[in-house]
Amino acid sequence: MESPHHILVVDDHRDIRESLSKYLAQHEYRVSLAADAAEARKLIDVSAIDLVVLDIMMPGEDGLSLCRHLRQSMNLPVILLTAVADDTDRIVGLEMGADDYLTKPFNPRELLARIKTVLHRAHSLPPRSGPVEADQMTFGKWTFDIAQREVRGPDGVGIPLSTAEFHLLNAFLEHPKMVLSRDQLLDITSGRSAKVFDRAIDNQVSRLRKKLEDDPHKPTLIKTVWGGGYMLTSEVGRP
């Protein structure tokens, strides 16, 4: 039975495109191929794509630029590929909204596992409140600076966030006033490495509350929903 999921592979190397197409087709995915960003844009406009596997380093418009466009215009999952094992590239890609990141050369089985994880995450989460179009988001008395990975209060002083706190807060801000279960939050913050019964998310929420709440023991910004998970109670703005 053919999978309903339609994967778009965007890479300027023909051998990579074709080998991935054959491998994913063997696992019953529909696959479309594009050699560059321009071709990818055309396919996305006319096809129902569920996920994009996107090379960063391409002639013309690069993958980071296309990833930014996809995040600004639609909620389409993206897995980035690159030949450069550079943390800066990885961080920039994730900040632009990529769902995962894989360095070439890679095992196609690992890519397949990540595709399954990202698709599961995308279909299990509530829809985002809107595309991330700004480098900053406001909530309550706080400003979330995506580029600097910190929050600032009314005094303008930045409070740095750990990687886990950054992804956790970003998840809440993309789904304001929605209850997110622990499993959903683990998918976002830990991805494929998350353990189903891992309670670490409670510790992460606790640490985030210590930075954001006036009284972490009586939280009003990130509330616990008993039997459900957690919810950001504030409206979110994008200045």
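1. Val53 has Ile79 in S4 as its bridge partner. The two strands involved, S3 (residues 51-55) and S4 (residues 78-82), run parallel and share four bridges. Strands here are DSSP E runs of at least two residues, helices are H or I runs of at least four, and both are numbered from the N terminus. Two strands count as paired if DSSP finds at least two bridges between them.

2. Before going on, a word on what you're looking at. This is a predicted model, with residues numbered from 1 along each chain as its sequence is written. Local features need pLDDT of at least 70, side-chain atom pairs need 80 or more, totals for chains, interfaces and linings use all residues, and side-chain values use heavy atoms, without hydrogens and water.

3. Back to the sheet. S3 and S4 belong to an open, parallel sheet of five strands, in the order S2-S1-S3-S4-S5. Strand S2 (30-34) and strand S5 (100-103) are at the edges with a single partner strand each, so one side of each has no neighbour in the sheet. From one strand to the next the twist averages 20°. As a reminder, strands of a sheet pair through backbone hydrogen bonds, parallel or antiparallel.

4. Now the helices that lie across it. Helix H1 (residues 14-26) lies across strand S1 (6-10), S2 and S4, at about 170° to S2. Helix H2 (residues 37-46) lies across S1, S2 and S3, at about 140° to S2. Axes are lines fitted to C-alpha atoms (for helices, over the stretch in contact), and angles run from 0 to 180 degrees between N-to-C directions. Contact means heavy atoms within 4.5 Å.

5. Which aromatic pair turns up in the whole structure? It's Phe144 with Phe166, tilted, at 5.5 Å centre to centre and 45° between the planes. Rings of Phe, Tyr and Trp (its six-membered ring) pair with centres within 6.5 Å; under 30 degrees between planes is stacked, over 60 edge-to-face, the rest tilted. Phe144 sits in strand S7 (residues 142-145) and Phe166 in helix H6 (residues 163-174), so the pair ties together parts 22 residues apart in sequence.

6. Arg149 lies over the face of Phe166, 3.9 Å from the ring centre. That calls for CZ of Arg, or NZ of Lys, within 6 Å of the ring centre and within 35 degrees of the ring normal.

7. Overall, the protein chain has eight helices and twelve strands, and 45% of its 239 residues are buried.

Technical notes:
Buried means under 20% relative accessible area, exposed over 50%, partly exposed in between (1.4 Å probe, protein chains only).
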